[in-house]
Amino acid sequence: MSQKPEKATAEEKQKRKRKRKSKQTLTRAVTHIRLLEANAGKLEALDQLVAVYLPLCQQYTTLFCEPETGPDKYSEPAFETELSDRLHRVAIQQAAGIAKSWRTNRANAYQAYLDDLAAYVEAKAKAGAEGKLCSFKRSEPTWTEWNLPLLRVPVMQANANVVVVEPSTDSTFDYWLRISTLDKGNPLRVPVKLASYHKKALAGNTLNTSTTLSKRKGVWWLTLSFDEEIPLQTAPAAPVVGVDVGIANFITTSTGQSYGTFHGTLARKHRHDRHKRRNKAKLRACLQKKGVPKAQLPSTSSATGQRLSRHVRQEINRAINQVLDAHPEARIVYENLSVASMRFHARSMNAYLYASQLGHLPEQLAWAAAKRGMAAHTVTAAYSSQECPRCHFVSRANRPDQQTFHCVVCGYQAHADHKAALVLAARWGDQALAACKTKEAVKALLLQRHESWKKAQAEQNTQRVEEIGPALQLSFWDGPERFLEIS
Ligand SMILES: [Zn+2]
């Protein structure tokens, strides 16, 4: 069994940090390489292997998703298996990876639910205080516990300990795969032939040692990967451009431009698709009532829906490329939002969001920036839509409608998305804010900053009052609009 590597020393960490500043490494995958059936039944050994491997990997995945354990790829073996120690370790590592991302996604979704619940409680209390409870229509958010991940597709994420890629000396094939199987000491050797587009993707690059084998519809597939080092182009003093993600505009920058939208063509197509699916569902229900067997019922999944999804993805990618083209010298700063929280906060826009996959925009933005050697960073998203960039006052009341930001204290007014992008840009390098672990901590910090701002303003105005004389009111906190006119 492989041992947990020694902890890196401070010096090594520093060295790595320096390296990271000059270039970034992108790991690229070359997918859909079909494993050839060299002779009848050769891949049968692989089938037999995965029949043991997958259930073991499932056991560890379930274990690592339990609240009381953690996904540790170096954890001690917990289950008996006929697999070799090396294959056993690979199964543990794969399970740890799956569990880790499942736990992160679930935690994000749960946090989004808690935030939503808190907002609901607050709104209800406010309605109660104003005696408007009878007209309070919002329904209480609910939480449905997530199912544990179920491994359905046979997949093995391997390393060089169990799968070795050897260049072929024979011109008929490009590589040989040497795969450890249940038959210890007798690895399986499978030839690999690359298509021309695979060769093109791999040209001039050195393969790394991680490989993935998966079986879909009776065919075994191989995924190879390689690391590409891209020099970082962004200068240390590069201007920071904040990026806000939304529906009306996919992307709005702190420089005031917006890119891509779900309104117009996409929304029309989406409505059309939803209409079609509803009709199909009605027909299905009707036929089912009449006793038509399930297998003969028309499917509700639609080809137009898939086309639409693809179209939305393309539009998002286009918007991302436009932003990066327009700001080649900039350091991009964006919010760390998740698909789950995007969906949760959307409410009436839920259906739109579902189709729009906007929650994936951040990772696509990060990837596109990395490919260009541009620096891109995430910052805390909490309250970025409610915070006033001038006085740091945080309130839902600062948003009279979806498009507008209007601070109820200092009167600052701007387009809501543009303002959010400005706030995000300002959060880059804000260490006090980055240190906040919870939304509550963020709110407390912003409130503190608002108090300091108020104090500074009051001092300034006391001075001014002394200069101008006592004719001006000092009690401007009761009427922020009046204060605005003074300043
Ligand atoms: Zn303000």
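This is a short tour of the model, one selection at a time.

**Before you start**

The model is predicted; local features need pLDDT of at least 70, side-chain atom pairs count only at pLDDT 80 or more, and totals for chains, interfaces and linings use all residues. Residues are numbered from 1 along each chain as its sequence is written.

**Whole protein**

Show everything as cartoon. The protein has 13 helices and 14 strands. Helices (H or I, at least four residues) and strands (E, at least two) are DSSP runs, numbered from the N terminus. Of the 487 residues, 24% are buried. Buried means that 20 or more other C-beta atoms lie within 10 Å of the residue's own; exposed means 12 or fewer, partly exposed is in between, and C-beta atoms are placed from the backbone. Among contacts between residues at least 6 apart in sequence, 67% join residues at least 24 apart. A contact requires C-beta atoms, placed from the backbone, within 7 Å.

**Stop 1: helices 2 and 3**

Select 44-65 and 85-129. These are helix 2 and helix 3, packed at an angle of about 45° with axes 8 Å apart. The axes are lines fitted to C-alpha atoms, for helices over the stretch in contact, and angles run from 0 to 180 degrees between N-to-C directions. Helix 2 and helix 3 are therefore oblique to each other. Under 35 degrees counts as roughly parallel, over 145 as roughly antiparallel, 65 to 115 as roughly perpendicular, and the rest as oblique. The crossing of helix 2 and helix 3 is right-handed, that is, the near helix is turned clockwise from the far one by less than a right angle.

Now show side chains. On helix 2, pick Y53, L56, C57, Y60, T61, F64 and C65. They meet L87, A91, I92, Q94, A95, A96, I98, A99, W102 and R103 on helix 3. The residues of this contact divide into 14 nonpolar, 2 polar and 1 charged. Here Ala, Val, Leu, Ile, Met, Phe, Trp, Tyr, Cys and Pro count as nonpolar, Asp, Glu, Lys and Arg as charged, and the others, Gly among them, as polar.

**Stop 2: V163**

Go to strand 3, residues 163-167, which holds V163. V163 counts as buried because it has 24 C-beta neighbours inside 10 Å. Leaving out residues up to four places away in sequence, V163 touches A158, L177, I179, T211 and L213.

**Stop 3: D183**

Select D183, in the loop between strand 4 (175-179) and strand 5 (188-192). Is D183 buried or exposed? D183 is exposed, with 11 other C-beta atoms within 10 Å. Draw a C-alpha distance to E82: 9.9 Å, across 101 residues of sequence.

**Stop 4: L337**

Move to the loop between strand 11 (331-335) and helix 7 (339-346), where L337 is found. L337 is buried, with 20 other C-beta atoms within 10 Å. The C-alpha atoms of L337 and G359 are separated by 6.8 Å, with the two residues 22 apart along the chain.

**Stop 5: helix 9**

Select 361-371, which is helix 9; its residues L361, P362, L365 and A369 are buried. Look down the axis. The buried residues of helix 9 fall within an arc of 95°, so they line one face of the helix. That arc is taken from the directions from the helix axis to the C-beta atoms. Just after helix 9, G373 takes a positive phi of about 75°.

**Stop 6**

Most residues other than glycine have a negative phi. Select Y383, in the loop between strand 12 (376-379) and strand 13 (404-406). Its phi is near 65°, a positive value. Y383 counts as partly exposed, with 18 C-beta neighbours inside 10 Å. Then pick H392, in the loop between strand 12 and strand 13. H392 has a positive phi of about 65°. H392 is buried, with 22 other C-beta atoms within 10 Å.

How values were computed
Two residues are in contact if their C-beta atoms, placed from the backbone, lie within 7 Å.
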